[in-house]
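The following note comments on the structure shown below. Its points are numbered and may be read separately.

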Amino acid sequence: MSEDYYLELSENPVQFENASGVNNVFFDEANKQVFAVRSGGATGVVVKGPEDKNSIAFRMDDKGEIKCIKFSLGNKILAVQRTPKTVDFMSFIPDFPHVEFSHECKTKNSSVLGFCWTSWNEIVFITDQGIEFYQVLPEKRSLKLLKSQSINVNWYVYCPETAVLVLSTTVQGNILQPFAFKSGTISKMPKFEIELPVSPKPAKLILSERDISVASIYGQLYVMYLKHHTRGTNSSGAEVVLYQLFREGSCKKAHVLKLNTSGKFALNVVDNLVVVHHQSSRTSMIFDIKLKEQDGAVNIHQPVLPAQSIHPYKISVTGPVAARGHAAVPCELYSSTWSVFQPDIIISASEGYLWYLHVKLYPTVNLLQDKGKLMDFLLHRSDCKMVILSVCSQILTGGEKGNLPVVATVFDKLNQVYKEYLEAEQAYTQAMESGPSRLSNSYKKPVRTQAVIDQSDMYTHVFSAFTEKKDVSHKFIISILMEYIRSLNQFQITVQHYFYELVIKTLVQHNLFYMLHQFLQYHVLSDSKPLACLLLSLESTYPPAHQLSLDMLKRLSTANDEIVEVLLSKQQVLGALRFVRSVGGHDNVSARKFLDAARQTNDTMLFFTIFRFFEQRNFRLRGNPAFNPGEHCEEHVSYFKEVFGEQTLMKLPAV
Amino acid sequence: MYLIKGMPIRLLQGRTNELQTHLNADDQSKNGFWNTGKTFGPREGEEEKKILFYHPCEVEKNEKIRNVGLCEAIVQFTRTFCPTKPAKSLHTQKNRQFFHEPEESFWMVMVVRNPMIEKPNKDGKPPTIEYQEDEILDSVYGAVLQQCYSMYKLFNGTFIRTFEAGGVELLIQKLEKFFYRYIQTLHLQSCDLLDVFGGLSFFPLDKMTYLKIQSFVNRVEESLSLVKYTAFLYNDQLIWSGLEQDDMRILYKYLTTSLFPRHTEPELAGRDSPLRPEVTGNLLHYGRFLTGPANLKDPETKFRFPKIFVNTEDSYEELHLIVYKAMSAAVCFMINASVELTREFCEQLDALVGPQLTLLASDICEQYNINKRISGPEKEPQFKFIYFNHMNLAEKSTIHMRKTASVSLTSVHPDLIKILGDINSDFARVDADEEIIVKAMTDYWVVGKKSDQRELYVILNQKNANLIEVNDEVKRLCAAVQ
């Protein structure tokens, strides 16, 4: 069963001193740092994260209970809130005098709910009466107010990746007001209402900050609302409702994730998947909003896979499980002391661990029977290439009946992504060529994600091994190759000639020459010089291959020299000469080459004809039928004299 | 360098009509078989036993023996001159005889009467009959005879296998059953160059649609693992053959000259309309069986399919031939004859193939129309041509109208067709590439080109054109085709 766990905690968690009476632990989502504050900072503050390696340790005076502690971006300035009205600042800028100062929120009778750093020196205070946006000036030991907004605030949620702050307003708390921050400016985004399952009378705060999180999924900003199951309604269980936020324009209720159960939940977003942890069943489920369940204004989603626990995790007594020999105890998963942060962080304050949540793709392969859906799922994951290639190998060797339509679907899905990338790349190249300076902003170089599986990937990892397999019928191999070629053609992707060679090799191995012939006839195997050469080499086993090859070379129209060589090698000297003349190259060809070939046929009449042709050419070009010394035809001239007599040589017409 | 072969142009009123009537008359074209096998019949007085089949059968026994004896003597006699290439035909004033030894010691002979002209005489004397000894082309009727054998073999297997299985009685019985009907469908008067080629007409198709058809064939063969070979045709033209070339060639002949016309003629007459869609599950489709069950819903219907023999040179396979058609797309599925085909199988096939084939047929039709639109409106060209590719047996003719079961119609004068046959016979003599230009009657020019394993015959009708102009015209034409 262990291969069924598709979620796991990171192997190397960030470890910190667990929370206790003397040690307070804080987490900053923006920098992903854990603050372990002993005795209010007097006996030390240890900041760890986001990787275990880099930690900062310092001391500060114990000036009372700390409510909130965060570094600005880049660990330049530390902000600490201890009272409802003020925030204290300490500079940590290297080579800059250590300064400490304090700032009080400007609005009268308001209290600071918290603060968020939006850059290395910009900070926003969230008070119960609005927001205040400051620039911190450590050298002046003061803050400069950039902008403020008055609004009644119940609570707030901040998304550091997008620098979007969402405020809960009104009595019920279900009108959300988002703000976006960008280098010293605030933009107010349209507010929107979260639809509550019930409206209590009299009105009271009903929407809790625990049920709202903000995350960026597939590059779009969403507010995720955990809508609890309410008794008496017909809903089958709790839901997660995703509201999509736009910089401009109003918010849209975009997706509903059906949890089909009730209880306590927590949300993460990992690799653009929404992970919903369910505490009482100790399982998690994942949702992919790109897997379409149905059309319509709101997409309703079911879990992609059956709910499953996170992979069991053991912690050694001394540290995380690195060496398996150590005494290790299982870690309690889904513990009530766990805190979950966006996007993918799980913290156990009581044990002193910070984990990142990961999605493992290999277990999903066997859990998702519908291979088309599996591909849709995998293609949207970041680390998918090898998994997809192994799925391809697996379905090709599965040997199940009725596999071809499945294979076709899978190929089409892969090539769809492949084609989109090729098009983006082409558009980028064109834009660069036409005007690199002007358009460089609007055209970003397309990123090649792992989901782009090109022909060489398929060849190396799937087809080369598959076509070598002894237990697979050649008929199946050919159908698979043709299906791949069909799919590439359907997306107008140029097929690499090594696929054609693979087809030809397989057909030839099984003497299926007529099949090959038909493929060539309908130009399924596109013309190319390598292919023509391959055909030429097949002549001994399949004589028509010679002509097929010549036809192909002729269609290419860039292979005239090759055609002449092929014809001469077959002693078709006249044919070669006629061909050269038809393409207008007869004034430049080497006379010696043709005369050599004509001599080899031992056909004196043919030799005579060729010889005469070149004498006439000489006369036409230079006014003299004799060969130039540079043409090295002396040998042939003397042979001609020997056979036909000197008087037969073409003479200069008498003037 | 051109080899010019002049044709004396003889204009004889009504000559061609006479050719048809004479060859049509059953008693004037004969088919004979005899066997010179060592196993039976060589003894004096038992010559009759050599004859396995003789048409017309009402000929008196002694005459049969005499005729057969003569053929045998000629073949044996000529063999002394060239043991590897026995005589192929015998020209006499009244007849032409064709000999063919398809299997060792089995000989087929076909006698075709030369066309004749009755010249009325004065003074009430009986008219003089003049036989036209040069009208019949060896290549054409030699090919017809070979085709007779191939067709027989397709449905009955080789002579020797039948002989081994059921003795001479079985062989005679099979021959009579097959040829009694087959000879009536021969239409010797309309045989021409196309019979020499025995080619396949391929449906022109873009790569993508072709790949879709590949995909369809592969899928069906995968789901119906009984299917051993598949062939795909559209508009009576071949698109895909899983059979080897020679087998496909004769099967194609059967399909296009016998099976398809038999089914389209009632359709054209408005009877038995196939455009009543079948509903399988919730999918509408137009698929139906051309061989085997006429109506799957009929509880009495039989699930018997014609059997064919392929690869007789090596694996010698006997197969059921299922021909299934939806709109203009026809598919042949070939299944090992040892398997008994049941109602369940046919229903499964119908449900699987019907909807897919219907879709594919409309795809092909759509694509074909697009391609036609691109190539522009069809003009009546100044020339007509026959093209044949020896490598893939592809043939194309703008001279012949669509073949029907009864007659093949051509759009040019039979004299011109005969010139084509003559040029072809000339080409066959030498292996090298050749070109022949012939000035025919009135304003017609006939050009034959043979190169790169292909043959092209063009009939041009240009007023007062000279040789150079004709040559240039054909060059242009070839360049346009490429």
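1. Arg219(B) and Glu483(A) form a salt bridge, with N and O 3.9 Å apart; the term denotes a side-chain nitrogen of Lys or Arg within 4 Å of a carboxyl oxygen of Asp or Glu. Across the interface of chain B and chain A, 3 salt bridges are found. The count of residue pairs in polar contact between chain B and chain A is 11, with both residues at pLDDT 80 or more. A polar contact is a pair of N or O atoms within 3.5 Å; within protein, one must be able to donate a hydrogen and the other to accept it, and residues adjacent in sequence count only if both atoms are side-chain atoms.

2. On the side of chain B that touches chain A, the elements giving two or more residues are α6 (207-223), β8 (227-234) and β9 (237-241) of chain B. Of these, α6(B) gives the most, with 12 residues. Helices (H or I, at least four residues) and strands (E, at least two) are DSSP runs, numbered from the N terminus. By class, this side of chain B has 13 nonpolar, 10 polar and 9 charged residues. Ala, Val, Leu, Ile, Met, Phe, Trp, Tyr, Cys and Pro count as nonpolar, Asp, Glu, Lys and Arg as charged, and the others, Gly among them, as polar.

3. The model is predicted: local features need pLDDT of at least 70, side-chain atom pairs count only at pLDDT 80 or more, and totals for chains, interfaces and linings use all residues. Residues are numbered from 1 along each chain as its sequence is written, chains are lettered from A and ligands numbered from 1 in the order in which they are written, and side-chain values use heavy atoms, with hydrogens and water left out.

4. The size of an interface is often given as the accessible area lost when the parts come together. Between chain B and chain A the buried area is about 2,800 Å², and carbon and sulfur atoms give 55% of it; the value is the accessible area (1.4 Å probe) that the two parts lose on being put together, summed over both. Chain B contributes 32 residues to the contact and chain A 32 residues, contact meaning heavy atoms within 4.5 Å.

5. Chain B has 10 helices and 20 strands. Of its 482 residues, 50% are buried, where buried means under 20% relative accessible area, exposed over 50%, and partly exposed in between (1.4 Å probe, protein chains only). Among contacts in chain B with a separation of 6 or more, 60% join residues 24 or more positions apart. The chain exposes about 24,500 Å², of which carbon and sulfur atoms supply 52%; accessible areas come from the Shrake-Rupley method with a 1.4 Å probe, and for residues only the protein chains shown count as cover.

6. Over all chains, the structure contains 39 salt bridges. One of them joins Glu332(A) to Arg282(A), with the closest N and O atoms 3.2 Å apart. Glu332(A) lies in the loop between β29 (328-330) and β30 (338-341) of chain A and Arg282(A) in the loop between β25 (273-278) and β26 (283-287), so the pair ties together parts 50 residues apart in sequence. Glu332(A) is partly exposed at 43%, as is Arg282(A) at 38% relative accessibility.

7. Arg429(B) is exposed at 65% relative accessibility, whereas Asp426(B) is buried at 14%.

8. In which loop is Arg381(A) found? Arg381(A) is in the loop between α2 (371-379) and α3 (385-397) of chain A, and its relative accessibility of 2% counts as buried. Its side chain reaches the backbone oxygen of Phe377(A) at 3.0 Å. Leaving aside neighbours within four places in sequence, Arg381(A) is in contact with residues including Tyr218(A), Asp271(A) and Asp288(A).
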